[in-house]
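The sequence and the structure are shown first.

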Amino acid sequence: MFWTRLASGTVLVLLAIGTLYVGGWLTCLAMCALSLGGCFELLRVYGLQWKAMGIACYFMTILYYVALFFEKTEFVLPIMVTYLLVVLAIYVLQFSKYKDKDMMAAFLAFYYISVCLSYVFQLRTMKHGEYMVILIFVCSWGNDTLAYCAGRLFGKHKMSPVLSPKKSVEGLIGGIIGTGILGAVFGILFNSYVQPLENAPLWFGLIAAVGALPAVIGDLAASAIKRNNDVKDYGKLIPGHGGIMDRFDSMIFTAPIIYYAVLFILDFA
């Protein structure tokens, strides 16, 4: 199991590096595909993956990414509002087929997965985005690894024994501190090889530390949904890891936080 997980994880990292390095249409297409896959997995939990609400979610996800790719930001909010109205219309017109929780699940899938993951692409399109986007992986996958190591070494107090019995308060703290250090290292490298930025290690260390906390919340949120619905894994697409939601759950929360933090820091610094 360990070697399978390691091999698939290595492939994921290589694919991520290649996709984000190329940027442009490839990054947009990759994030759209991940969003569609994540929506499918979440909608399947509620049995909506092939129903009208599910189809509306997929269609609006594609439309949303098309608007982002062509920089038609004036259409983003209308697309979101239209999606709300479409789901409400389906709920009303086919009332006997749906419960209110189905409608809420359809809302959640689009906003929680498609919109949040799109910030990976949006961060990539920023100035020096090919470097900035690394912070998302530092805060999600880096924090996950460092928190695990800190928890194994020092963990004594359970953080969320029901949702994730293996996570500890010490692991949480170690993950945040360790991720902050990684962010500071990133700042040093950014300052030396990309663009001189005053107090870069401090700023990027702060961004990474702040982004580490929502990464943990994202992981626990995805686990909570599974626990409520008696689901072990969201899928089997990634050997040793599960589905898209199992592997990218922390990134869903982290991506928008990092995007706006970078915007703020670059304007303020």
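Arg124 is found in helix H5. The model is a predicted one, and every value below was computed from it. With a relative accessible area of 13%, Arg124 counts as buried, because the cut-off for that class is under 20%. Setting aside neighbours within four places in sequence, Arg124 is in contact with Leu20, Tyr21, Val22, Gly23, Thr27, Gly129 and Glu130.

One of these contacts also involves charge. Side chains of opposite charge can pair when their charged atoms come close. Arg124 forms a salt bridge with Glu130, and the closest N and O atoms are 3.8 Å apart. A cut-off of 4 Å applies to such a pair, and by this rule the count comes to one salt bridge.

## Helix H5

Helix H5 covers residues 100-124, a run of 25 residues. At 1.5 Å a residue, H5 should span 36 Å; the C-alpha atoms at its ends are 37 Å apart, which agrees. Of the 25 residues of H5, 20 are buried, so the helix is largely enclosed by the rest of the structure.

The largest nonpolar core has 72 residues, and those with the most contacts inside it are Tyr64, Tyr83, Leu123 and Phe204. H5 gives the most to this core, with 15 residues.

## Aromatic pairs

A search of the whole structure finds 15 aromatic pairs.

| Pair | Arrangement | Centre to centre | Angle between planes |
|---|---|---|---|
| Phe186 and Phe190 | stacked | 6.1 Å | 25 degrees |
| Phe186 and Phe204 | edge-to-face | 5.1 Å | 75 degrees |

Phe186 and Phe190 both lie in helix H8 (residues 169-193), four residues apart, which is about one turn of the helix. An α-helix has 3.6 residues a turn, so residues three or four places apart point the same way. Both Phe186 and Phe190 are buried.

The pair of Phe186 and Phe204 joins two helices. Phe186 lies in H8 and Phe204 in helix H9 (residues 200-228), so this pair ties together parts that are 18 residues apart in sequence. Phe186 counts as buried at 11% relative accessibility, and Phe204 counts as buried at 1%. Leaving aside neighbours within four places in sequence, Phe204 is in contact with Met132, Leu135, Gly183, Ala184, Phe186, Gly187, Phe190 and Leu197.

Elsewhere, ring pairs link Tyr64, Tyr65, Tyr83, Phe110 and Tyr111 into a cluster. Tyr64 and Tyr83 are also among the residues with the most contacts inside the largest nonpolar core.

## The chain as a whole

The protein chain contains 10 helices and two strands. Read along the sequence, these elements follow the pattern α-α-α-α-α-α-α-β-β-α-α-α. Of the 269 residues in the chain, 49% count as buried.

Among contacts between residues at least 6 apart in sequence, 70% join residues at least 24 apart. The accessible surface of the chain comes to about 14000 Å², and 70% of this area belongs to carbon and sulfur atoms.

Key:
Residues are numbered from 1 along each chain as its sequence is written. This is a predicted model: local features need pLDDT of at least 70, side-chain atom pairs count only at pLDDT 80 or more; totals for chains, interfaces and linings use all residues. Side-chain values use heavy atoms; hydrogens and water are left out. The expected span of a helix is 1.5 Å times one less than its number of residues. Buried means under 20% relative accessible area, exposed over 50%, partly exposed in between (1.4 Å probe, protein chains only). A salt bridge is a side-chain nitrogen of Lys or Arg within 4 Å of a carboxyl oxygen of Asp or Glu. Rings of Phe, Tyr and Trp (its six-membered ring) pair if their centres lie within 6.5 Å; planes under 30 degrees apart count as stacked, over 60 as edge-to-face and the rest as tilted. Contact means heavy atoms within 4.5 Å. Accessible areas come from the Shrake-Rupley method with a 1.4 Å probe; for residues, only the protein chains shown count as cover. A nonpolar core is a set of buried Ala, Val, Leu, Ile, Met, Phe, Trp, Tyr and Cys residues joined through side-chain atoms within 4.5 Å.
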